[in-house]
Amino acid sequence: MVAIGGCSMPVEREIAPPATYLGHVIKSPADTRDYRHLTLDSGLKVLLISDPDTDKAAAAVDVGVGSYNDPDNRLGLAHFLEHMLFLGNKKYPEVDGYFQYIKANGGSANAYTADVRTNYFFDINSDKLQPALDQLAQFFVSPTLDPSYVDRERHAVDSEYQLHTREDGWRLLTALNATSNPEHPKSRFSIGNLETLNNEDGQSLWKDLKAFYDRYYVAENIGVVVYGKESTDTLEKWGRASFKGLPAHQSPDTAIGVTPYTSKELGVRINVVPLKETRVLSLNFPMESVYPYYKKKPLGYLARLLGYEGKGSLHSLLKEQGLIDSLAAYSSDVPNEYSEFAVRMELTPKGLDKVDEISAMVFDYLDLIRREGLLKRLYDESHDIAQLGFRFQEDRSPQQTVSALAARMHYLPAENILDANYLYEQYDPELIGQFLDKMTPENLRQVVIAQGLETDKVEPYFDTHYSVRPLNAALVKRLNTPKRQAGLTIPAPNTFIANDFEMRHKDASVKEPRHIVHKPGIDVWSMTDTSFTMPRANVRIKLTTPAASDSPESIVLLQLYRALLSRSLNEYGYPAKEAGLYYSIAAGREGMMISLAGYQDKQSTLLKDILAGVEQFNPDKQAFLQERAQLIRGLKNKAFQPPYRLGMDALNQVIYRNYPDDETLLKAAESVTFESLVGYVRAFFNTGHIEMLVHGNHSQQEAQALARMVEATLMKKAGERYSDPYNLLTDQSRVYELNVKHNDSVFIAYYQRPETDNHERARYALLGRLLATPFFNSLRTEQQLGYVVLAGARPVEKHPGMIFVVQSPKLDPLGLEARVDTFLKQQKDRMAKLTEEELKQYQQGLMGDLLKRDANLDERGSRFWQAINSQETFDNREKIAEEISKMTVADMQQALATLLEGKGRLVVRSFGEGHQQAKKDLVDDTVCHDLSCFNDLPRGR
């Protein structure tokens with residue numbers, strides 16, 4: 001919300017053993033937290049995590065019931081219940097009280113409904129855990145399930161469904177589910193809408209809701225994770241007290257007991273037609289649940305081989321032949337029910353014409369695995385990489401931690417709840433072979449997703465066209481007679497696996513990066529940071545130049561250069577990523593960025609070879625045409641994003657001068673040539689400025705050596721640091737109207753302030769906190785205008801600002817604007833009654849967010865890099881926090897009054913297809929319909 005030298009020698013460090021038992025929970029030797037796993041008399045499973053150093057607490061509740069358990073006549077009921085539980089309970093009846101408390105105290109909360117689980121979670125400032133935990137617990141102990149909110153919330157669920165109707169992710173998933181066994185709940189619609197949640201008699205939906213809750217929301221079917229700074233004894237005491245009274249009758253049998261696919265749904269080709277220009281081939285193999293073998297990972301072993309992208313891989317062969325843009329291999333699992341293994345490929349136009357040939361080459365590689373690929377050395381390599389990952393496991397945020405662990409509590413024994421994903425305990429070629437034997441034509445679901453395919457069925461909820469046909473006989477014969485493909489090999493030994501774990505010497509007095517190189521054309525910061533006791537480091541390199549975005553063609557050419565450069569490095573660099581040494585190349589309107597992260601061992605080797613790839617870049621014309629086609633397709637497909645996302649993108653296009661609209665970029669992409677790319681790349685490095693940060697387990701000497709490598713390759717001629725120019729709204733009020741093809745309308749109001757000092761930044765950040773939850777509660781929960789409703793602080797560069805967003809199927813943008821304006825005017829009364837004590841709660845919450853402890857090396861490095869990019873001191877967040885602590889009620893009243901003046905206001909809006917008459921009736925010559933309308937705005941610095 002708020003933008004914010006000497007020699008070192010390595011020292012010897014005792015390496016901890018691979019795992020430590022504590023309270024029967026196996027944890028990483030890098031993990032200093034205490035754990036306690038227990039089952040209460042009620043049957044409730046509880047995991048307690050004590051972290052005395054945390055400044056964020058969190059909790060999650062996972063209920064072992066999801067959309068698969070919906071009654072046939074109430075599709076979406078599990079999801080609807082998730083919504084209803086947020087609307088008050090006997091102990092805390094206030095509808096928005098939970099969110100209000102969480103938000104005011106520096107936290108966030110959410111939930112999701114999956115196939116066989118529903119997950120509720122929050123985080124909050126660490127000294128507020130107990131009250132927040134008690135409020136969450138009452139969702140399950142004493143929910144009111146207030147009948148007066150049933151109709152409102154079924155409309156909220158319907159709005160969520162309507163939001164997704166033009167999203168291919170949901171459309172394709174639902175159509176594919178419709179091709180499964182009609183007796184299996186996988187085949188059904190899961191979100192819910194006004195039809196499936198019908199309530200014409202005003203009673204039946206509530207009765208079904210209550211019956212569903214009574215049946216499934218019982219202690220034996222629930223797992224809870226609590227994460228706080230307190231001892232496990234205290235956390236246990238709080239958990240027992242808060243969840244006392246949870247229904248304790250026997251948990252129902254939730255086993256499905258039906259196979260998701262019968263012989264009718266196997267050995268088939270499935271065509272599905274998307275809205276976007278998408279081309280996908282997915283070879284899916286259903287099989288038994290892999291969950292009982294989580295310690296051996298048979299499908300993990302096969303996914304590594306089929307998804308490999310190094311030399312001799314299936315990915316490389318198909319890409320070299322111009323058939324695919326990407327390939328991924330993975331498995332999904334519904335524990336104790338079924339698994340599904342998939343090889344998913346994004347296709348080129350050429351590849352779409354050869355889906356059977358590509359399928360055959362996948363089967364050729366499966367045959368190679370059967371003949372040569374079951375190797376203990378490969379399994380041992382996976383074991384070694386996984387063990388390093390667990391041994392040097394970095395903390396995630398408390399909220400991510402509790403939500404993920406709660407989801408595992410139904411299926412995993414206590415001892416493996418932390419290490420299950422890292423286990424490769426025993427090489428079992430027979431077990432791997434058993435799963436490999438399921439990858440046959442008879443067990444294949446060949447899924448082809450593309451426009452223009454022949455179909456004969458329509459999925460009713462998303463209007464997706466699809467068909468299911470038996471595999472043609474010629475393809476089955478070819479798949480059953482695999483060929484040896486020249487160039488396909490089993491992966492060679494991975495030479496990037498780290499073996500240097502020495503901790504470099506850290507100067508305890510150094511709290512922020514030092515500016516170790518400062519000369520024309522290059523600035524380098526370095527900080528040896530071993531405070532997380534991790535043999536890892538992050539290296540960030542950014543070359544800024546006006547050539548990155550001085551025209552739409554330049555923006556396109558830089559994106560293509562990035563794609564082709566990454567492509568040229570992929571075979572070499574993929575084993576590094578596999579071994580936990582990550583790299584990425586990104587392009588933006590200010591220039592190009594190279595990032596390295598992970599084990600510091602071999603980072604210098606990897607960087608040297610990346611820089612050599614930059615220096616020796618020699619693109620292939622066919623690769624250029626393939627990447628250009630992919631870029632063009634991506635630009636065209638942006639039109640299918642939800643209106644609010646397109647509106648937010650348009651907001652950025654207005655604010656940033658070098659941010660062309662998609663139509664302009666599309667024309668540029670269609671016009672650039674291979675020759676223009678070659679010329680652009682030759683000139684790109686002529687003049688530029690380099691900024692670099694080396695942070696983590698590198699000495700200053702090592703950082704300087706890395707900097708010299710970068711300078712020698714990337715800096716041809718020193719230039720000035722380049723920053724993306726942006727527009728100022730000053731005291732004007734502007735309207736930008738979009739033409740988005742969607743049923744919903746969208747209204748976005750952005751307010752920009754001209755000041756850039758910390759006092760004003762603090763003031764509007766705090767006002768954003770005060771308005772966010774009431775805005776959501778008023779326009780979504782109470783008025784039911786739509787599923788997408790959000791408000792809060794929106795800084796741009798160093799300018800504070802506020803934003804209000806509503807996407808609605810009910811009202812046109814003018815109606816939405818009137819509701820937003822009414823809300824803001826009503827807040828004057830609230831601010832008039834606001835006490836200093838109430839404000840203090842919000843101040844402490846926001847300050848807690850700003851000053852929260854870095855969870856890991858990446859988080860800290862990102863904070864340092866943000867300061868470098870914004871040209872602020874590394875301690876500026878502390879300065880803003882200090883300003884927040886000084887805020888008074890009068891400051892908030894003044895900030896709201898300034899907002900109500902309407903100065904510096906930009907409205908982005910779009911009339912939905914159901915609101916076109918309102919658009920026709922509107923006569924307003926001041927509305928902008930293209931970005932040139934904003935050329936008169938002054939430029940910010």
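Student: How many bridges join strand 16 to strand 17, and in which sense do the two strands run?

Tutor: This is a predicted model, and in it one of the pairs between these strands sets K519 against its bridge partner I522 in strand 17. Strand 17 covers residues 522-528 and runs antiparallel to strand 16, and the number of bridges joining the two is five.

Student: Which strands stand at the edges of the sheet that holds strand 16?

Tutor: The sheet is open and consists of six strands in the order 16-17-21-18-20-19, with mixed pairing. Neighbouring strands in it are turned against each other by 10 degrees on average, direction ignored. Two strands have a single partner each, so that one side of each lacks a neighbour in the sheet, and these edge strands are strand 16 (514-519) and strand 19 (581-588).

Student: Is strand 24 largely enclosed or open, and how many of its residues are buried?

Tutor: In a regular strand, side chains alternate between the two faces of the sheet. Here S745, F747, A749 and Y751 point one way, while V746, I748, Y750 and Q752 point the other way, and residues of both sets are buried. Strand 24 (residues 745-752) is therefore largely enclosed by the rest of the structure, the buried count being eight of the eight residues.

Student: Which residue of strand 27 stands opposite Y750?

Tutor: Strand 24 pairs in the antiparallel sense with strand 27 (residues 905-910) over six bridges, and it is also joined by eight bridges to strand 26 (residues 801-808), again antiparallel. In strand 26, A749 has F804 opposite, whereas in strand 27 the residue opposite Y750 is L906.

Student: At what angle do the axes of helix 8 and helix 11 cross?

Tutor: The crossing of helix 8 and helix 11 is right-handed, and the contact is made by Y301, L302, L305 and L306 of helix 8 with Y365, L366, I369 and G373 of helix 11. By class, this contact has seven nonpolar residues, one polar and no charged ones. The axes of helix 8 (residues 298-306) and helix 11 (residues 355-373) come within 11 Å, and the crossing angle is roughly 115 degrees.

Student: Which side chain makes a polar contact of 2.6 Å with that of D854?

Tutor: D854 lies in the loop between helix 25 (836-850) and helix 26 (857-870), and its relative accessible area of 6% makes it buried. Its side chain makes a polar contact of 3.0 Å with the side chain of R860, while the side-chain partner at 2.6 Å is R863.

Definitions and conventions:
Residues are numbered from 1 along each chain as its sequence is written. This is a predicted model: local features need pLDDT of at least 70, side-chain atom pairs count only at pLDDT 80 or more; totals for chains, interfaces and linings use all residues. Side-chain values use heavy atoms; hydrogens and water are left out. Buried means under 20% relative accessible area, exposed over 50%, partly exposed in between (1.4 Å probe, protein chains only). Helices (H or I, at least four residues) and strands (E, at least two) are DSSP runs, numbered from the N terminus. Two strands pair if DSSP finds at least two bridges between them. Axes are lines fitted to C-alpha atoms, for helices over the stretch in contact, and angles run from 0 to 180 degrees between N-to-C directions. A crossing is left-handed if the near helix is turned anticlockwise from the far one by less than a right angle, and right-handed if clockwise. Contact means heavy atoms within 4.5 Å. Ala, Val, Leu, Ile, Met, Phe, Trp, Tyr, Cys and Pro count as nonpolar, Asp, Glu, Lys and Arg as charged, and the others, Gly among them, as polar. A polar contact is a pair of N or O atoms within 3.5 Å; within protein, one must be able to donate a hydrogen and the other to accept it, and residues adjacent in sequence count only if both atoms are side-chain atoms.
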